Amino acid sequence: MSLEFLTIKNFRNIESLSFSPIEGINLIYGENGSGKTSLLESIYYLSHGKSFRTSKHKNIIKKQQSKFIIHGKKSVNDLSIPVGISKNLLGESSLKIQGKSSQKVSDLAQLIPVQLITPESYSLFFGGPKERRKFLDFGLFHVEHQFFSLWQSFNKILKQRNALLKQKPKNYYDEIRFWDKEFVRLSVSINNLRLSYINKFKQQFFDKICVDLDLVKDLSLEFNSGWKTTNELTDILSENFERDLKQGFTSRGPHKADFSFSIDGISVENYLSRGQLKLLLYALKVTQNSLIETETNKQSILLIDDLPSELGQDTRGKVGKILAQCDSQIFITAIESDSISAVVEPMKRKLEMFHVKHGKLITN
Ligand SMILES: Nc1ncnc2c1ncn2[C@@H]1O[C@H](COP(=O)(O)OP(=O)(O)OP(=O)(O)O)[C@@H](O)[C@H]1O
C-alpha cells in the first residue's frame, strides 16, 4: 500500500528525477538548497493537488519551463495504481488515475493519505482554529465515508446563508429560516461524526501512541463543536440572528469547531517548550495515520521535513518511539545522513537513504 515509484519533471530545481522508495523509512539527505523539500513537496502535491509552500503554481514550475509533471505508482492490495498530476504556466491541471482523466483531487487524496510535519508545524497549537479543523477533518475524510459529501453540502448552505445575511435581499428572513432546517440537519450530522472520531482519536492517542510518553500524563483534549451543544442549534441561530446580520456571517456552527490541549488547565502552547510541542505534534500526526491505517486498511504516508531541526538527541529518540507506533511509509529529510540515527534506531524498520544534489539523486 505504499508509494513504490515516483517520477518528477520540472518541479522547482528538479529537472528530472525518478526513484523507487521503500515501504519503510526513506531518508532524503543533502546540502541546503539541494532539493530535499522540493521532493517532499512533490509527493504532497500528488496527494493534495496543491503545495504546502505556495499557492502560486508559477513558483513551483522549474524556471524557464512550461509545466511540471509528477507521476507515481501506489501499490494497493497487490495492485500497482499509476497516478499523475501536471500543471502548466496558465494554471491548467491534468490529473490521471489508472490512465483515466479525473477532475477530482479528492479521488487522489482518497488513494494516498499524506500528512506532513515541518519545523513550523507546531504552529498548529498557536494558529487559529482553521488549521486544527483541517487536521481533524483530514482524518474524518479518510475514516468516515459520508463526511466529505456532508461537509461539501454544509459549505454550500453556509455560503448561501452568509450571502443572504450580507446582501439582505427582499424576504431574506424567510429564506434564511427555510435554509436553517438543512443547516441544522447537516451541522448535527457533521458534529456527530466529529465526536465519534474524536473519541476514537483520544483512545488511540492516550492508550496506544502515548502510553510511554510522560509528556501526556496530565494532558487533556477538549473538543468544541462550534456551538453550545447543550442547547438546540435552531435556538442558537435565532438568538444570534441580529448579531449575524450585523456581521454578515454565521457565527455558530460546525465551521467554528476547534480542539485544544491543556495541562492542569493551562493551554499547552503556554506551558510546554518548543521541543515538547514538537513531540506532541508528532504524537498527533502518528495517531491520525495509525487511525487511518486501522480503520481503512490504507497505508498512509508521513512526510517529515528537516527532522533533526531543534530536537536534542533524547527528543529524537522519543520521536523514533512515537513513529514506531504507525506503519506509515515515511519520508524524512535531513542535511546529514547520520543525524537521524537516534530516531531510526527505536523504529526497527528498513531504512533506505537517497542523496540529493542540485535536484538530482546521486549514488555515493
Ligand atoms: N521554480 C523554481 N525553479 C528552479 N529552482 C527553484 C524554483 N523554486 C525554488 N528553486 C530552488 O530549488 C532549490 C531547492 O530548494 P529546496 O527547498 O527543495 O531545498 P532543500 O534541500 O530542502 O534545502 P534546505 O535544507 O535549505 O531546506 C533552491 O535552491 C531553490 O532556490
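**Figure 1. The span from residue 3 to residue 344 in a predicted model.** The end C-alpha atoms of residues 3–344 lie 20 Å apart. An unreviewed UniProt entry annotates residues 3–344 as "domain: RecF/RecN/SMC N-terminal".

**Figure 2. The shell of residues around the ligand.** The ligand is surrounded by 16 residues. Asn13, Asn32, Gly33, Thr37 and Ser38 are the closest. By class, the shell holds nine polar, four charged and three nonpolar residues.

**Figure 3. Helices H1 and H2 at the ligand.** Helix H1 covers residues 36–48, and helix H2 covers residues 57–60. Each helix supplies at least two residues of the shell around the ligand. H1 gives the most, with three residues.

**Figure 4. Helix H9 beside helix H10.** Two packed helices are described by the angle between their axes and the distance between the axes. Here, H9 spans residues 274–296 and H10 spans residues 313–323. Their axes come within 9 Å and cross at roughly 10 degrees. Angles under 35 degrees count as roughly parallel, so H9 is roughly parallel to H10.

**Figure 5. The residues where H9 meets H10.** From H9 come Gly275, Leu279, Tyr282, Ala283 and Val286. They meet Thr315, Lys318, Val319, Ile322 and Leu323 in H10. By class, this contact of H9 with H10 has seven nonpolar residues, two polar residues and one charged residue.

Definitions and conventions:
Residues are numbered from 1 along each chain as its sequence is written. This is a predicted model: local features need pLDDT of at least 70, side-chain atom pairs count only at pLDDT 80 or more; totals for chains, interfaces and linings use all residues. Axes are lines fitted to C-alpha atoms, for helices over the stretch in contact, and angles run from 0 to 180 degrees between N-to-C directions. Helices (H or I, at least four residues) and strands (E, at least two) are DSSP runs, numbered from the N terminus. Angles under 35 degrees count as roughly parallel, over 145 as roughly antiparallel, 65 to 115 as roughly perpendicular and the rest as oblique. Two residues are in contact if their C-beta atoms, placed from the backbone, lie within 7 Å. Ala, Val, Leu, Ile, Met, Phe, Trp, Tyr, Cys and Pro count as nonpolar, Asp, Glu, Lys and Arg as charged, and the others, Gly among them, as polar. A residue is near a molecule or strand if its C-beta atom, placed from the backbone, lies within 6 Å of it. UniProt positions are given in the numbering used here, feature names are shortened, and annotations may be inferred rather than shown by experiment.
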